Amino acid sequence: MAATSFVKLNASSSQWIGQRPVSQRSGSASVCPARRVSVVRAGSYSEELVKTAKTIASPGRGILAIDESNATCGKRLASIGLDNTEVNRQAYRQLLLTTPGLGEYISGAIMFEETLYQSTTDGKKMVDCLLEQNIVPGIKVDKGLVPLPGSNDESWCQGLDGLASRSAEYYNQGARFAKWRTVVSIPCGPSALAVKEAAWGLARYAAISQDNGLVPIVEPEILLDGDHSIDRTLEVAEKVWSEVFYYLAENNVMFEGILLKPSMVTPGAEHKEKASPETVAKYTLTMLKRRVPPAVPGIMFLSGGQSEMEATLNLNAMNQTPNPWHVSFSYARALQNTVLKTWQGLPENVDAAKQSLLVRAKANSMAQLGKYTAEGESDDAKKGMFVKGYTY
């Protein structure tokens, strides 16, 4: 009789499931011994992780991403004639995080490490500014992209070394979710090596984050660069997300305690034909339904260089039919572009800049509910923000 092996549901359960026969070689006198594999989930933080993820994935709300590195934030400030100093970065992020009423539309804010430890000019912690509005503080934990040796001029994301201790410190500082961004380039192939490296890195980061109480945002950004068709984007996206969920499962990541930050399925930025919001919604939802388990609480899309209005229209189109997940936004440029232009670094423009942030946040809130219309949108909101080879 063939031996059987068993897989345990979790470390605390005494039940064993999934019997699988182990074949015996013809003529062999021995049988392979049974193996027992304990699957350890998110541990003591499991209930908190699920609660945090559901709070972020709440109706009519999404994520404000202000996690640009100091260098990239400097580029934003330079666009309005400001020097890249900590004082100026503090002033800008304080403007964003102290906007009255922001919590009605924003459920989470991803910060750069500098901001997580900063206070306002009045001495209030930035984290406390968020908590007062029921906005969950988040933190960017990756260390950026570097060249991937052996690939087709592609990148991999660094930052796993020391991640556990850093995550524990971020949790103690008030962060409750994390973000790790890696990228996949369609013009570069993408190579099997790059896809596997992206998926494995995301899975290790996700497991480490959950082990330290942080809900991981899983973000393999498929870059807009290229002149490829929307069908090619769909093909690559399905491949990438298939690998990602394979390695998430291999690393025993609890799906109920993660959030995703995918790219929308669109043609390449240099493709001759643009896709309508309805087409983007159809292709994107097709990809998600083929690859993403319904256990995942929220899909928080990145804007990836789309115009403010384009990103909102596409999100709205995806919410015209029921979805098994909360389909929302995690935008940086698509929430901040008009804010920066309104502010111009001038104290007398702060209130107007805060109002422009509320306008964009409310527009995307309505899109999450499937009720957005583009009536009254400004010309600035219609301008694309794609930058070839964009880094941050």
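Helix axes here are lines fitted to C-alpha atoms over the stretch in contact, and the angle between two of them runs from 0 to 180 degrees between N-to-C directions. Keep that in mind as we walk through this predicted model.

**Start with confidence.** Colour the chain by pLDDT: the average is 88, and 85% of the residues score at least 70. Now select residues 1–32, where the pLDDT is below 50, although this stretch has 45 contacts in the model beyond near neighbours in sequence. Where pLDDT is low, the predicted coordinates should not be read in detail.

**Next, select H2 and H3.** H2 covers residues 70–78, and its axis comes within 11 Å of the H3 axis, crossing at roughly 75°. Angles of 65 to 115 degrees count as roughly perpendicular, so that is how these two helices lie to each other. Show side chains for Asn70, Cys73 and Leu77 of H2, which meet Asn88, Arg89, Tyr92 and Arg93 of H3.

**Move to H12, residues 350–368.** Buried residues here include Leu357, Leu358, Arg360 and Asn364. Among the elements covering the buried residues of H12 are helix H3 (86–97), strand S5 (106–111) and helix H11 (333–343).

**Finish in the largest nonpolar core.** Of its 105 residues, Tyr205, Phe245, Leu248, Leu260, Val296 and Trp343 touch the most other members. Helix H8 (residues 230–250) gives the largest share, ten residues. Centre on Leu248: setting aside neighbours within four places in sequence, its contacts include Leu202, Val218, Phe255 and Ile258.

Key
Residues are numbered from 1 along each chain as its sequence is written. This is a predicted model: local features need pLDDT of at least 70, side-chain atom pairs count only at pLDDT 80 or more; totals for chains, interfaces and linings use all residues. Side-chain values use heavy atoms; hydrogens and water are left out. Buried means under 20% relative accessible area, exposed over 50%, partly exposed in between (1.4 Å probe, protein chains only). Helices (H or I, at least four residues) and strands (E, at least two) are DSSP runs, numbered from the N terminus. Contact means heavy atoms within 4.5 Å. A nonpolar core is a set of buried Ala, Val, Leu, Ile, Met, Phe, Trp, Tyr and Cys residues joined through side-chain atoms within 4.5 Å. pLDDT is the predictor's confidence in each residue, from 0 to 100. Angles under 35 degrees count as roughly parallel, over 145 as roughly antiparallel, 65 to 115 as roughly perpendicular and the rest as oblique.
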